[in-house]
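Biologist: I've just opened this one and could use a guide. Can you walk me through how to read it?

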Amino acid sequence: MHNVITESEERMKKTVASLKDGFASLRTGRASASLFDKIKVDCYGDKSPLNQVANITIPEARLIVIQPWDKALIGEIEKAIRSSELSLNPSNDGKVIRIAIPPLTEDRRKELVKIAKNQAEQSRVAVRNIRRDGNDELKKLLKDGELTEDEESKASGELQKLTDAYITKVNQVLEEKDKEIMEG
């Protein structure tokens with residue numbers, strides 16, 4: 001019984017972490033190094049994450065400076081950023097790449113909020129599916145005689161409490177991202 005609850009909670013935690021991860025790459029009007037988490041750079045025949053071939057700094061709210069550890073990679077880094085979904089326009093001086101983060105238009109903000117709400121809804125559905133899987137597992141244990149009806153009922157209640165708590169967490173993460181997008 002405890003295994004079912006523990007496994008369900010682990011899966012719910014991963015769902016929230018995955019949502020936060022997805023939100024990190026949603027561009028707001030503010031500069032953030034996490035924007036580049038999913039960008040891979042052609043590096044000596046291999047694809048390497050940008051943060052493993054360059055230093056990414058945020059000297060001011062709307063500026064990102066990327067300093068490659070090997071200056072020979074500056075062109076590849078710039079190409080990777082240009083071909084990403086971020087719609088950013090990098091410029092380089094031969095030593096570093098500078099990216100000015102333009103303020104978001106009202107339409108773009110609304111579009112990003114819609115994307116965020118959609119991702120959050122997918123996470124809520126995932127949490128509910130985890131609850132359903134847990135309840136199915138509890139019913140199976142009851143049927144196999146490994147749980148009494150009281151134990152199954154109690155565990156099912158715990159599972160519901162967990163579900164409510166993680167749905168609340170998803171909503172909080174969404175609320176924070178919405179605020180960030182709208183103020184950006």
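**Reading the fold**

Modeller: Going along the sequence, the pattern is α-β-β-β-β-α-β-β-α-α. Here helices (H or I, at least four residues) and strands (E, at least two) are DSSP runs, numbered from the N terminus. The chain is more spread out than a compact globule, because its radius of gyration is 22 Å, well over the 16 Å that the globule rule gives for 184 residues. That radius is taken over C-alpha atoms, and the globule rule is 2.2 Å times the number of residues to the power 0.38. Before we go on: this is a predicted model, where local features need pLDDT of at least 70, side-chain atom pairs count only at pLDDT 80 or more, and totals for chains, interfaces and linings use all residues. Residues are numbered from 1 along each chain as its sequence is written, and side-chain values use heavy atoms, with hydrogens and water left out.

Biologist: What box do the C-alpha atoms of the chain fill?

Modeller: Roughly 70 × 40 × 25 Å, taken along the principal axes.

Biologist: How do I read the strands of a sheet?

Modeller: Strands of a sheet pair through backbone hydrogen bonds, either parallel or antiparallel. Two strands count as paired if DSSP finds at least two bridges between them. In this model, an open sheet of 4 strands has the order β3-β4-β6-β5, with antiparallel pairing. Its edge strands are β3 (54–60) and β5 (91–92), each pairing on one side only.

Biologist: How many bridges join β3 to β4?

Modeller: There are 5, and the two strands run antiparallel. They form a hairpin with 2 residues between them. To find your place, look at N55, whose bridge partner in β4 is Q67. Strand β4 (residues 63–68) is also joined to strand β6 (residues 97–100), by 4 antiparallel bridges. There, V65 has R98 in β6 as its bridge partner.

Biologist: And which residue in β2 does D42 stand opposite?

Modeller: K47. Strand β1 (residues 40–43) pairs with strand β2 (residues 46–49) in the antiparallel sense over 4 bridges. These two form a hairpin with 2 residues between them, and Y44 in the turn has a positive phi of about 50°.

Biologist: Which residues gather in a patch of negative charge on the surface?

Modeller: For charge, such a patch takes residues with over 30% relative accessible area and no salt bridge, joining like charges within 9 Å. Accessible areas come from the Shrake-Rupley method with a 1.4 Å probe. A salt bridge is a side-chain nitrogen of Lys or Arg within 4 Å of a carboxyl oxygen of Asp or Glu. In this case, E7, D136, E137 and E146 gather in the patch. E7 lies in helix α1 (residues 2–24).

Definitions and conventions: Patches are made of residues with over 30% relative accessible area and no salt bridge: like charges are joined within 9 Å, nonpolar side chains (Val, Leu, Ile, Met, Phe, Trp, Tyr) within 5 Å. Lys and Arg count as positive and Asp and Glu as negative; His and the chain ends are not counted. The place of a charge is taken as NZ of Lys, CZ of Arg, CG of Asp or CD of Glu.
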